[in-house]
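Please consider the sequence and the model shown below.

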Amino acid sequence: MTAAALTTPGTETMTPANPIRPTGPGTEPEPQTDPARRTTGVGGGGWTGRGPETRVLERYVRDLANGRGHSVLIEGEPGIGRTALLHRARDEVRRAGHATLDLAVRNPGPGGPLRTLLEAALARPGSARRAEAAGIPRGTRTRPAAPPEPALAERVTRLIRDMADDAPLAVLLDDAHLADGTTLLLWQRLSRLTGERPLLLLATARPGHTARPGHTAPDPGDLGRLRRDLLDGGTTLLTLPPLADDEVRDLVTALTGGAPAPELRARLARAHGNPRRVHQLFAEGSGADRGDPVTAVTLLLTPSALETLHAAALLGTGVTGAELAAVTGRSPLELLDPVTEAIAAGVLTDTGDRLRFRDPALVGALRTAVPAAERARRHRAAARALHRAGCTVESVAAQLLPIAGTLTVPRDAWALDWLAATAGELAERAPGTAVGLLRRCLTRLPPDDPCHSTLKEHLAHAALLLRGPASTATLRTLLDEITEPEARIQLSAALAHGLFVQGRWSDALAALDRAERALHRAEPPADHWAPLLQGLRAVVHHGAGRNERCAVLARQVISRARDGRYPFGEAYARHALSCALLRDRRTEAALAENTLALRASDRVDRAAAHWLTCSLADLRITLLLYHSVMLGLVDRPGEARAALARARAETGAEGTGGQLGGIVATTAILDYRTGHWDEALARLDTLGDPPGDPWLPWLRHGIAALVQGHRDRGEDARAHCDAVPDRAEPTRARRSRAGYLLMARALLAERAGRPREALTVLLPTLDPAYARDLDQRFQWMPDIVRLALRLGDRATARAAAVISAGEADREQHPVRVAAAGRCRGLVENDPGALAAAVAYYREAERPLELAQALEDTAVVRASLGDPAHAREALEEALARYEALGAAWDAKRAVNRLRTLGVRTGLRTLRDGRPPTGWDALTPAQLRVARLVARGRSNPEIAGELFLSPRTVQTHVSHILTKLGARSRTEVARQAAERAAVRP
């Protein structure tokens, strides 16, 4: 595990970033929990392989007693046993009675191992005298970590020299490829001392290392120069090869107590002689593991590491160093050995900020291996320890959740007090955990408990954030329990809002009917909530497609709220009216109502509407997203981005999946329209398919598919099209969000040489009933005209041009007029109409439409017998396509003009990515490939990248094809080879 993960918050200046333990005569030897011994060795201290290397190191240790020093560099791929050999040498030095300074450079950063080396050296007897002689100022060891200075490196060199002059000394540097430049300079200087005194330098390094994401890599040139200087100066290089087949068999025989079966031997061949991979494959497929995974782990680990694993399993599949330290009661330094052992054995993996179990099933197995009563005791103790250590509310709640139904007073009074104090924060950060914990705890609290009502409010808030059927079931249960009239009204409205978000219009209206009945029965009267219910009813009618009813209700509420008394109802009503206006193609008017809705929502008394806190937050995010969309429609992208920034600020990092997903998807739409395609894809790659928001996959995959299609990456585009959960005809409520996906499917059909199918995909937009919900219908028409003309279907082309003109007449905005001009220019061979469209697109931030309009201009000019101007327009179109990476559009343009006798030899346009090899991988595939190379499973990758498992599987299939790899192991091998040649 990295030292960063084992450093608890607030202790960075107390616990070295790279822990070092000085040892020597008179120092109590540390327990033999060496993880590396288990990596290439066997129980009881025996070893498998590494005979020549071990003999060299044993000889160098003997030389220390005779006053001779050496420098050794141990290299090899991850898991090959570098650290194993290093630790074995350290043990030999200690058994010989010599001192060691043991470095573990697993988290390079400010200060690096240089200052921790100084800490360890100054801890030894006589250090004050030596430090003074070396010129190291007093107080250096207590200064906060800072970037190491070359001057200090020189002084530390003199200190180590003096220590070696007094007595034999070994200094170990593990993972030198992670060290900073000054530490490497120190190591170079120390290597020059080994020929003159009993100083043994032992370093390990991974050749061709590349830093993990989020970590700072040292300058590869520094490590390369050090390596050359060391070898030129006489350093011994030990390059560890894979274990031979007989050595692998010996290792497994020691683990199992007998010769491995043929099936197991066949599986182990996939390890390619890598000891860590041998352990992983053994744990995955050995006979002992199939019966009991805990037994297999017990064979691999020492009792100390196994005890640490049990604590980690209590915390879940992923755990931070601070959490593990809190639960075990051990310091990060004390945890380093058992954690490193578990990593070396392939049981845990270090992701930089967390430790994760490679096999999630092992977590459950380790938990159930503990009796239920003891497990409950451990959960209680862990929750309290995590709370005292200042860990996150999610981590504390995760420990209380399994025992929530057994919490009692006074035994667990602290837990109930903690929940009452943090329930609001927990609901925001982990609504699912909050719902489960609050529901179970409420069953244990008497109704007259002071916390009971507050916890119920938090439960309602968490349920709304959770969304989905479980959310509405929880709210209905609360409604059955609550008798206070105003609370019932607000909770019914909250339930209706949640049902509306899920697209359950009838259920939402039924919930509002229930709320209005409660309102009429309320004593004292609660008529002030009536505008809220009516405004929300108008929003639901809009969602259900009842535009006229929506507008009538909305205007009634707005009229009633003119004196400002009912801002919540006014905000809902103005939002509903804005949506109705947008559907009627009155974007500017819709934008004005949206602005007034935002102002009304600012005036809501949040204290009075405390049961509706989540609904209000959701409404405001929705208003800001619509604000951005409408600003984008009228080509005001700067203001649109500002609205999205406000939405992000109000949502924060802990917003619901739907809120954050809506912000990401809306931003990606703006990125697509303004030509920032790489940014759009990068955003969409971070976006999952949160439950309760069925519309989001249509946008997420539709935009990504369209970008990939334009870039002539048909395989990736098809993967996104296929990833939409429901591929059937979109419902009326989803049509406005399904447009990008349908456009992508049409593009793929045309790209595959099926223009008739492409046109068929788009034709429903000509139907007025279908198109009623398409507020951006105008953007479909130019493609329909182009495809229809290609097929000789002039009637359909003229129909689309008429519709486009009608859209422009309904709302005289330049972008709609430009689209109508493109359609008319193609149908009537009118270069003037196309020129007007081109002129507008040049001013607006719409690079794709500009390139397409230039392409259309070239076609019309060529058909009119003007090849010179046609070629000029084509050349500019191709340049615009090239800037976007729109390789498919460029191919289409060249082919269209070639049939008209216009050729261009000035530019060879193609997708800039080759068909095979690492450079063929898309950014998303490259991220997945890197995780595959690190041994992550598909579910782990899905969780880490916020993708669906099916999307990950699609990416993995494409990766294997493009790399020509037959297995995930081969991907890892290729990644290692690539890193070696491209450090």
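In which sense do β7 and strand β9 pair, and over how many bridges? The two pair in the antiparallel sense over two bridges, β9 comprising residues 355–357; strands count as paired if DSSP finds at least two bridges between them. This is a predicted model, in which local features need pLDDT of at least 70 and side-chain atom pairs count only at pLDDT 80 or more, while totals for chains, interfaces and linings use all residues. Residues are numbered from 1 along each chain as its sequence is written, and side-chain values use heavy atoms, with hydrogens and water left out.

Helices (H or I, at least four residues) and strands (E, at least two) are DSSP runs, numbered from the N terminus. The open sheet has three strands in the order β7-β9-β8, with antiparallel pairing, and its edge strands, β7 (318–319) and β8 (348–350), each pair on one side only. V319 has L355 of β9 as its bridge partner.

Because 17 of the 17 residues of α28 are buried, the helix is largely enclosed by the rest of the structure. R585, which follows α28, has a positive phi near 65 degrees.

No disulfides (pairs of cysteine sulfur atoms within 2.5 Å) are found in a search of the whole structure. C579 is in no disulfide, the nearest cysteine sulfur, that of C550, being 7.1 Å away. Buried means under 20% relative accessible area, exposed over 50%, and partly exposed in between (1.4 Å probe, protein chains only).

| Residue | Relative accessible area and class |
|---|---|
| C579 | 4%, buried |
| C721 | 4%, buried |
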